[in-house]
Structure formats: structure tokens, C-alpha cells
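Me: I am new to this structure and would like to learn how to read its features one at a time. Could you take me through them slowly?

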Amino acid sequence: MKRILIIVVALLLLLTALVAAGNRGLGPVVITEEGTQQIILRLGHVIRETKPGWSLRVPILDDVKTYERRLLYLNTEPDVIQTKDQERIVVDNYAMWKIDDITAFISSFPKGMQQAEKQMDRVVRAGVREIIARHTLAEVLTDQRSEIMAAIRQRVAESFADTGIAIHDVRINRTELPPAIEKNVHARMKTDRDRLARKYRAEGEEQARKIRAAADRDAQVIVAKAKGQSQVSRGEGDAESTRIYAAAYGKDPEFYAFVRSLEAYRKSIGEGTTVILSPDSEFFQFFVGSGGANERR
Amino acid sequence: MAHDEEDPSVDAKVNRSVKRLLTSVLVVLLLLAGSAGWAYTGFPGAEYLGFYQLKPGQSAVILRLGAYSRTDSQSGLRWHLPIPFETHDIVNASEIMRLEFGIRSDTAEVPEGVLRESNMQTGDNSIVDLGFVMQYRISDPYESLYGVADVVPTLRDAAQAAVREVVGKMTVDGVITERRGEVELESERLLQEIVDSYEMGVEVMQVELQQVQPPEEVRAAFDDVVAAAQDANLAINQAKGYENEVIPRARAEAIELTESALAYRDAKIAESQGEAERFDALLVAYRAAPAVTRKRLYLETMEAVLPHVEKVIVEPGAASILPHLALGKASRGEP
């Protein structure tokens, strides 16, 4: 009973020691961690590729090499590139790639990751240069950006066919215009803005003048209409008064003529007027001759 | 007798039992003291036995012999098989992380190179100065650890690629003004698409534009456009003010005109009615005594008129003296 317990504990301790050694790349147990991939070489020949988990090897005889299994990021150096329309542009790229086939990767890049990254940097830059040279600046900057990136991706992927590398993505993350071109763009933007500002001001004035003119017109119309209306009113007054006079005076036109004449004399004969009177006149009826001579004339 | 023989052996047995009991108690006490000491010093070495602690929002990705076993998101004190059989990595899945582009909110002065990051080309071949902030969190702890090797540099470059691609399809006016929100949403969508294709377990929470402005070299010209729009509005408002002044004045004048015309009409009618009534009254009097009234009216008029005039009384038939009279300056030179 006791012996069994001791054996079990000893076995557990041995297992722990073996796994712990495997984690450090020693001993017969191979532990491949998630995110990595390993290759087991026996005297330089590939025996097996491992996936995450555990496996066994012959210690000393078998060699284990570890590589990334995750997607890898590579930022290439920004480059000045000439477009189809002879414009120059600074392009910065990045690439996402992974080691797809560890055996092929080792034979293509015996010196390892650094060698692979160096070559990738070169190929990506060459691909970018080649593809962008087929497009105009406007196409690169705007409407065909994603197509261009897809073409670069394809071009780079082709170069790395059968090297154990899979190109997942190549993307332009930054573009910049050289200072001279940037200056031109600034100048053009400025003239655009100036034009717009002038247009706004002129349109504002147009609107303002339109409103003022309409206001003046409306005001004139209002006054003129009122003038017309007032003429009508005055005419009504005159007509009515004429009608009233005619109605009244028509009752005795002769007497009206007499009264109205007297009134007219009062008004029209004033100071500075010389009146030549005949003693025969009605006024002097009683002045010269005997009274009443002409009374019944 | 037997009792005598048994007595010492029973004693020994009791002795032994007591000793055993004391030993057990001592061992338990020692174990308790040891545990207390271990607890007091913060359980050193507990992680080797497979203990780990998760705070709310954290997740642990557990590997068994190197291969993925499970993701544990239960907070509290947790346990897996002792190391080296199982290992864990803790990921802060609920923490929202932030990346800044073209701006740095944590430093006052702008470092070299940051400025260029904000320099972007728009679809109308113009340049805009645009800084933005991206917020993200981990949506899949396993992918976040084992999907992409360099998470932050990858996110930085992908975010820039996405925003620049979106801005490259718009006009500078659109980016600066009314289509800002569209830039944010579209960048967010595109970036999530890119990030999903990398299987890196990241959820893009937000792409938020910070400063969006024309480049410094042309900023004055852009400001002038805004000023021009304001000038235009001012001119229009002034014109409306003029309109608001002129029209009421015209209405006032119109009212004056119509009112005075009505006054004229009414006065005229009233006047003529008055005169007509006076005439009627006079006529009534005249008809009562026509000759006397007539005479009286005539004489009254003469009486009123003649005192103020020069009077010449000439006999009938003495018309020959007429030329000798100074009948006014106009006729003086005539023979």
C-alpha cells in the first residue's frame, strides 16, 4: 500500500520534471506552445512539424527549432515613388504575413527570420514601385487605392510563392506629397478658397440688392395705390358736392346767380381797384335824381 | 490477578494514546501556523500549484501542455492543473484602449513626426490636417494572444490605412464640415473589416476625429470663406432691415394720403351741404319778400365793397374822359 503510493508520487514527480524540461526545450518531451510552430530535425533532416500540444523526440539526436505561427507585421521604409503622370509621392506600407510551410521556409531562408524580413521589405517596395508606376497620382490617392493595394498584394504574394511564406495583406498606410507638390496644392487650394469667398460676398450683395429693390418697389406701389385711391375719394367728394349744389341752387337759378354774383364782388373787388360808377347805377338810385325814379325799372 | 497483570499494559496503552493525541494536535497546530504564515506572506508559490485570481472583466486563456484548453472569464480565485501541466495568460477583455494619431493628448508639445501623421490627401487633390483617436477592446482573448504578433503597431498602421482610404474618397470641404460623421463611421467599418481579416481578436469601438482643419498654409483663406459667408449674411440682413423700415413708412404715407383724401371728400360734402342749407334758408326768406331782400343784399354788398376801392363817378355819355384817367400802369403809354 505504502509502496504503491511511493511509486505513484515518484512517477508524478518524474512526469513533472519531464514536462518542465520540455517547456525549456530539453529532454524527450516536446511542448509546442500556442502561437508557435516547431520543426524536429534529426541530424539536419526534417522529420516532423509540430502543432500546439506535446510530442516526443529522441534527446540529443533530434534538434527542435521554433517559429512563429501568428500573423507577423512588417513595416517597410517609406519610399519616394514616381507615378504614371510623372508626379512624385512618398508611400509608406506595411505587410502582414505568416510562415505557412515551415519546411519550405527553412530551405528558402536558412538564416531565419531576419533574412526573410529583409527580402520581404525589398519585394514589397519593388512591388509598390512597379504597381504605382502604372497609375496616376489621383488614382493612387483616391479612387483606385484599394485596387492598387490588391494588385501589390498579389504581386508580392506571387514573389513569395513556394517559399513557405503566405502574404496576408499589403497596405498603403501613409502617403505624402513631396514639399514642392504640396506647395502647388496649397496654392491651388488657396485660389479655390479665394474664388469661393468672392462668390459668397457677391451673392450676398446680389441678394441684398434684390431685397432692397423689391422693398423700394413695394413701397412705391403702396404709395401710388394710396394716391390713386385718394384721387378717387377726392373725386367722390367733388361729385357729391356738385350734386348737392346743383340740387340746392336749381330751386331758383336766377336768385342764385344774383347771390353768387354779390359774393363774387365781395371777394374780387378789394383795395387798389378803381371802380367807375355811373350815377345811373342802382347804387346811386337815390343819390342824384329824385328817389324812386328808376325803382321800377 | 489478571487485573494486576493487565494494569501496567493498559497504562502503557493509555500513555501511548495520549502521546499520539498530543503529537497530532502539535502537527495540526504547526500546519495551521504554517498556513497562517503562508497566507500572511501572500501565498508565495501558489501559482505553481495552479492558483490564479481574476478580477471582473479579466479572462484567462489556459494552455494544457502548450495547446489551447479553455478561456476562463469567471472572476475570483481560480485553479487549473499545476504548472507545468497547465499555464495561463490573463487578458483584460473589458478594458478600453486608446490609440492617438496626429495628436498626443498626454504631452503639451507636439513631437516631431506627429505632424506628418495628420497630413492627409483628400479626393479633390487637396490636403487636410486631421488627427483622430481610435478606441478598441479585446473581443476574443485567445485570438488577441495568438492571432497577430505585434498587436499595437498592426492596429496603428491599419487604422491609418483605413482613415486615409476613406478621406481619400471625400472632398476637403466634406471632411472638414458636414461629412465628418460619415468619415468616422466609414473608417470604423473599414478598420473593423481589416482587423477581422487579421483574426486578432480586436473590436473597434470607435474612430473619432479630433482636429480636422485645412493645412496651416491655407487656413487664412479657409477662414476668409467663412467670413465671406458671414459678410453675405450681414448684407442680406441689412437689406432686410431696410425692407422692414421702408415698407412701414410707405404704408404710413399711404394711410396719410388716403385719410387726407377722405378728409377732403367729407369736408367738401359737409361744406356744400352747409352752403346748400344756407341758400335754402335765404331762398325761403327771399321768396317771402323778393324785392326787399334783393335790394338789401345788393346794398349790403356795395357797402362792404366800396369803402376800400377808388371810386370814379362818370355821367353817362361822358365816355370821352376815359382816356384821361390813369386806369392802371399797363395802359399809361397808350394814346
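This is a predicted model: local features need pLDDT of at least 70, side-chain atom pairs count only at pLDDT 80 or more; totals for chains, interfaces and linings use all residues.

Me: At roughly what angle do the axes of α3 and α5 of chain A cross, and within what distance do they come?

Reply: The axis of helix α3 (residues 113-132) of chain A comes within 9 Å of the axis of helix α5 (residues 145-159) of chain A, and the two cross at roughly 135°. An angle over 145 degrees would count as roughly antiparallel and one from 65 to 115 as roughly perpendicular, and α3(A) and α5(A) are therefore oblique to each other.

Me: Which residues of α3(A) and α5(A) meet?

Reply: From α3(A) come Val123(A), Val124(A), Gly127(A), Val128(A), Glu130(A), Ile131(A) and Ile132(A), and they meet Ile148(A), Ala151(A), Ile152(A), Arg155(A), Val156(A) and Ser159(A) of α5(A). Sorted by class, this contact holds 9 nonpolar, 2 polar and 2 charged residues.

Me: How should I read a sheet, and what is the order of the strands in the open sheet of chain B?

Reply: In general, the strands of a sheet pair through backbone hydrogen bonds, in either a parallel or an antiparallel way. In chain B, 3 strands form an open sheet in the order β3-β2-β5, with antiparallel pairing. The edge strands are β3 and β5 (86-92) of chain B, each of which pairs on one side only, and neighbouring strands of this sheet are turned by 25° against each other on average, direction ignored. Within the sheet, β2 (residues 58-64) of chain B is joined to β3(B) by 5 bridges, and Ile62(B) stands opposite Arg70(B) in β3(B).

Me: Where do strands of chain A and chain B pair, and in which sense, parallel or antiparallel?

Reply: Strand β10 (residues 274-277) of chain A pairs with β10(B) in the parallel sense, over 4 bridges. Leu277(A) has Ile313(B) as its bridge partner in β10(B).

Me: How many residues of the two chains are in contact, and which element gives the largest share of the side of chain B that touches chain A?

Reply: The size of an interface is often given as the accessible area lost when the parts come together, but here we count residues. In this model, 92 residues of chain B are in contact with 96 residues of chain A. Among the elements that give two or more residues to the side of chain B are α4 (151-167), α6 (180-198), α7 (219-288) and β10 (310-313) of chain B, and α7(B) gives the largest share, 41 residues. By class, that side of chain B divides into 51 nonpolar, 19 polar and 22 charged residues.

Technical notes. Residues are numbered from 1 along each chain as its sequence is written. Chains are lettered from A and ligands numbered from 1 in the order in which they are written. Two residues are in contact if their C-beta atoms, placed from the backbone, lie within 7 Å. Ala, Val, Leu, Ile, Met, Phe, Trp, Tyr, Cys and Pro count as nonpolar, Asp, Glu, Lys and Arg as charged, and the others, Gly among them, as polar. Two strands pair if DSSP finds at least two bridges between them. Axes are lines fitted to C-alpha atoms, for helices over the stretch in contact, and angles run from 0 to 180 degrees between N-to-C directions. Angles under 35 degrees count as roughly parallel, over 145 as roughly antiparallel, 65 to 115 as roughly perpendicular and the rest as oblique.
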